[in-house]
Amino acid sequence: MGIEDLHINRDRLLRRLDALAEIGAIDGGGVCRLALTEEDRLGRDQVTAWMRELGMAVSVDRIGNVVGVRAGRRPGPPVMTGSHIDTVRTGGRYDGTLGVLAGLEVIEVLNERNLETEHPLAVAYFTNEEGSRFAPDMMGSLVYVGGMSVEEARATRGIDDSTVGECLDAIGYAGEADCGAPSVHAFVELHIEQGPILEQKGVTIGAVEQVQGISWTEFTVAGVSNHAGTTPMPLRHDAGYAAAAIACEVRNLAMRIGGNQVGTAGALTIAPNLVNVVANRATLTVDLRNTEEERLQRAEAELAAFVDQLAKNEGVEITSRRLARFQPVEFDAGIVDRVERAARDLGLSVRRMPSGAGHDAQMLARVCPAGMVFVPSADGISHNVREYTEPDHLEAGANVLLRVLVDLAQQPVGGG
Ligand code: GLV
Ligand code: MN
Ligand code: MN
């Protein structure tokens, strides 16, 4: 039987997606499984049970990454796929989950057909990909590739002041496996695009060539509270105004730099948060991204200069804390070719494209040839309960993943 006879079972994939979406379900069809919460634990238990049902050897590492391995004809590093099952607080049901469950579907197809691959195959889900509770994002895969120590990751404090270590222990997912084991022969991740390009172009598959650089900063503004009615404007040290000015500048500088530059002021707190009191404290997060490192650095520098000047003009103190910083990543040319070829062989339209979102594959790219498959997101919406990808597109992406994984698991990688 040739690879052209292998297809995933769409209903089974959809059933698993539906079942996982029930864990942490929120109004509007979305999901809240913030990293290392009780909902995350329940989701992990479900996915781990599915891995075991499929006969995979499951290991949990010290930062809670879970890897299921299906043996190959010879031992050695597996060809790995996977993603994450944590979500943002207002998440959809496909972000991350699709990549993990499509991986399990690939394993089930091979099991049903009794097919052996040369290299082992692995499906992983990595801890805290989203980073919205604990920064940085892609934390588990970053630790997996040695970019952060387990100790540093465990000590990270989240938005609710708890640490990664405490929460990992509490949900029972601080495992014993060494982070980074097994080493990986090649990594391919299926993910929803989370942007509008594929849908706008009427294309089904994205062969992802690169991931844009990410810069996250938290600013804290210390001002002076005073009476909103009696304090003349020139005498104010208004933390609320300063935070708002930074938020506006983030928008302005992204427009000024243009091209792929994006900028978001996504989280804001203000104190004492009362109608008639000048605010004495504000915190604000800034997310800057660009596919070009030089432009990203320019955005960071322009924002820093703006913040310095603002602090002087308003007489407030502004401190900053880096939450995440990752340079743009290029995926392996050979894997991008394989994704494109697999899509064409399946009769699917395909285009090469960058990723605007961060992904575990960008971390794995530090240690092995890596790449990604994208499928369209309806209306380009993600990190929103309305996130949606048509079943035909889910199926198409999973079939491309199946082909690329089997192709890689039979052959040496590299060179296209
Ligand atoms: C995380 O996945 C992000 O891109 O924000
Ligand atoms: Mn994701
Ligand atoms: Mn996400």
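A residue counts as buried when its relative accessible area is under 20%, and as exposed when the value is over 50%. Anything in between is partly exposed. D95 has a relative accessible area of 5%, so it is buried. This structure is a predicted model.

**The two manganese ions**

Which residues coordinate the manganese ion (ligand 2)? They are H84, through NE2, D95, through OD, and H191, through NE2. The table sets the two sites side by side.

| Ion | Donors | Distances | Spacing in sequence |
|---|---|---|---|
| manganese ion (ligand 2) | H84 (NE2), D95 (OD), H191 (NE2) | 2.0 to 2.3 Å | H-x10-D-x95-H |

Distant parts of the chain are linked here: D95 sits in the loop between β5 and α3, while H383 sits in the loop between β18 (370-375) and α12 (391-410). These two residues are 288 residues apart.

Is H383 buried, exposed or partly exposed? Its relative accessibility is 39%, so H383 counts as partly exposed. H84 has a relative accessible area of 0%, and therefore it is buried.

**A buried glutamate in a helix**

Now move to E105. This residue lies in helix α3, which spans residues 97-112. Its relative accessible area is 0%, so E105 is buried. What does E105 touch, leaving out residues up to four places away in sequence? Its contacts are I8, N9, R12, L13 and R16.

**A buried proline in a loop**

P78 lies in the loop between β4 (66-70) and β5 (79-83). At 1% relative accessibility, it falls under the 20% cut-off and so counts as buried. Neighbours within four places in sequence are again set aside for its contacts. P78 then meets P120, L121 and A122, and also P182, S183, V184, H185 and A186.

How far apart are the C-alpha atoms of P78 and A122? The separation is 5.8 Å, although the two residues are 44 residues apart along the chain.

Definitions and conventions
Residues numbered from 1 in each chain as written. Chains lettered and ligands numbered in written order. Predicted model: local features only at pLDDT ≥ 70, side-chain atom pairs only at ≥ 80, totals over all residues. Heavy atoms only, no water. Helix = DSSP H or I, 4+ residues; strand = E, 2+ residues; numbered from the N terminus. Buried < 20%, exposed > 50% of the residue type's maximum accessible area, 1.4 Å probe, protein only. Contact = heavy atoms within 4.5 Å. Donors = N, O, S within 2.8 Å, 3.2 Å for Na, K, Ca; no water.
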